[in-house]
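New notebook page, new structure. I'll jot down what I look up as I go.

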Amino acid sequence: MVVCLREARARGYHRFFIAGCLGGRVCHTLANVQCAYDAALRGEEIWLCDETNMTTVLLPGTYTLQPPMDRFFSLLSYTPQVTGITLTGTEWPLEDAVLDNRFPLGVSNKVVSTPVTLSFRTGALVLVYAMD
């Protein structure tokens with residue numbers, strides 16, 4: 001995927017939806033998430049997709065999320081620590097919370113009202129929309 005992203009950037013693209021890059025060999029899935037982190041650091045938008053999941057990496061800021069009402073979504077710390085997390089409109093809201101990459105407390109949340117808003121001050125989060 002690195003070569004494909006490099007070529008797409010050379011052609012002027014900075015927004016990516018990449019299908020079929022999750023699942024299968026775990027080493028490839030993890031490498032693709034690393035590519036998503038690199039894209040986020042470059043200021044690009046990238047979504048990794050398969051038939052049941054969509055994932056991206058978010059950097060500090062404020063976001064309006066659009067997970068389907070009847071499906072799960074997860075927020076996982078990609079960096080050692082993510083601080084100042086506030087999440088509203090969900091079954092498991094957060095206020096000024098901290099997540100770390102050693103214990104996955106942000107797995108399998110659900111929307112209870114819209115909009116779902118997320119903000120955080122430091123670190124990087126992996127956002128996963130699960131469609132299964």
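This is a predicted model: local features need pLDDT of at least 70, side-chain atom pairs count only at pLDDT 80 or more; totals for chains, interfaces and linings use all residues.

**Entry 1: Thr52.** I started with Thr52, which is partly exposed at a relative accessible area of 24% (buried is under 20%, exposed over 50%, partly exposed in between, with a 1.4 Å probe and protein chains only). Residues are numbered from 1 along each chain as its sequence is written, and side-chain values use heavy atoms, with hydrogens and water left out.

Where does Thr52 sit? I found Thr52 in the loop between β2 (45–49) and β3 (53–58). Helices (H or I, at least four residues) and strands (E, at least two) are DSSP runs, numbered from the N terminus.

Next I looked up what Thr52 touches. Setting aside residues up to four places away in sequence, I got Tyr129, Ala130, Met131 and Asp132 (contact means heavy atoms within 4.5 Å). The side chains of Thr52 and Asn53 are joined by a polar contact of 3.0 Å. For that term I wrote down: a pair of N or O atoms within 3.5 Å; within protein, one must be able to donate a hydrogen and the other to accept it, and residues adjacent in sequence count only if both atoms are side-chain atoms. I also checked Gly23, 29 residues from Thr52 along the chain: their C-alpha atoms are 9.8 Å apart.

**Entry 2: Asn109.** Is Asn109 buried or exposed? Asn109 is buried, with a relative accessible area of 6%. Its place is another loop entry for my list, between β7 (94–100) and β8 (116–120). I see the Asn109 side chain reaching the backbone nitrogen of Glu91 at 3.4 Å. Glu91 also turns up among the contacts of Asn109 beyond four places in sequence, together with Arg71, Phe72, Phe73, Leu87, Thr90 and Trp92.

**Entry 3: the whole protein.** I zoomed out and counted two helices and nine strands. In sequence order the pattern reads α-β-α-β-β-β-β-β-β-β-β. The radius of gyration is 15 Å, close to the 14 Å that the globule rule gives for 132 residues, so the protein is as compact as a globular protein of that length. That radius is taken over C-alpha atoms, and the rule is 2.2 Å times the number of residues to the power 0.38. The C-alpha trace spans about 40 × 30 × 25 Å along its principal axes.

Of the contacts between residues at least 6 apart in sequence, 70% join residues at least 24 apart.
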